[in-house]
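Here are my notes on the fold, written to be read with the model open.

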Amino acid sequence: MTEVLEELSPERSIRTERLLLRPFTQDELESIAESTDLPQFAQGFPTPEDQDWAQTALDAGSYFFTETMYSMFAMVDAASGQIIGMAGFVGPPIDHELEVVGSIVPARQNQGYGGEVLPHLLELAFQNPEVTAVNASVPWGNGPASKLLLDNGFTERPCGGSESTYVHVRPETH
């Protein structure tokens, strides 16, 4: 299985206009899990959800969460070098779908970072020919996140519970 994952491994970073998405280092994972501050962490990072993710990654041995395309990336502001959030995938495809997630520190929300990153993550997801769709869930009432998904080609998928679920089906190629 490791060979398959390595075949699908992307360049280890993604550059956008204002951001660099890159794997977390082991030191960063440990600091996030322990909620200790590092100089590269923006104010408000990590969130409690980020801490939970980092602890899960450490418990799993880190490799899967730091060395494959199906991982979370540090969202680094290129101008300051600070980690302002996380974006990426929850894990490998399940039933040919990937789940995309992300978070941005409160001081940097609603500034277009999500819209800058999401198209790159979709492109990365669809590099795997086995992936037929990407899904995402947002808590009810999170209008900005819902708008971001809809603006990037997602459609709402009916579901129950306290979240709205969206899906982006692989674009057809001609």
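1. Two strands count as paired if DSSP finds at least two bridges between them; strands (E, at least two residues) and helices (H or I, at least four) are DSSP runs, numbered from the N terminus. By that rule, S5 (residues 97-104) and S6 (residues 133-139) pair in the parallel sense over three bridges. Leucine 98 has valine 134 in S6 as its bridge partner.

2. A word on the source: this is a predicted model, where local features need pLDDT of at least 70, side-chain atom pairs count only at pLDDT 80 or more, and totals for chains, interfaces and linings use all residues. Residues are numbered from 1 along each chain as its sequence is written, and side-chain values use heavy atoms, with hydrogens and water left out.

3. The open sheet has eight strands, in the order S1-S2-S3-S4-S5-S6-S8-S7, with mixed pairing. S1 (14-15) and S7 (155-157) are at the edges with a single partner strand each, so one side of each lacks a neighbour in the sheet.

4. Now the helix pair. H2 (residues 26-34) packs with H3 (residues 48-59) at an angle of about 125°, their axes 7 Å apart (axes are lines fitted to C-alpha atoms over the stretch in contact; angles run from 0 to 180 degrees between N-to-C directions).

5. Which residues in H2 meet H3? Gln26, Leu29, Glu30, Ile32 and Ala33 do, and their counterparts in H3 include Trp53, Ala54 and Leu58 (contact means heavy atoms within 4.5 Å).
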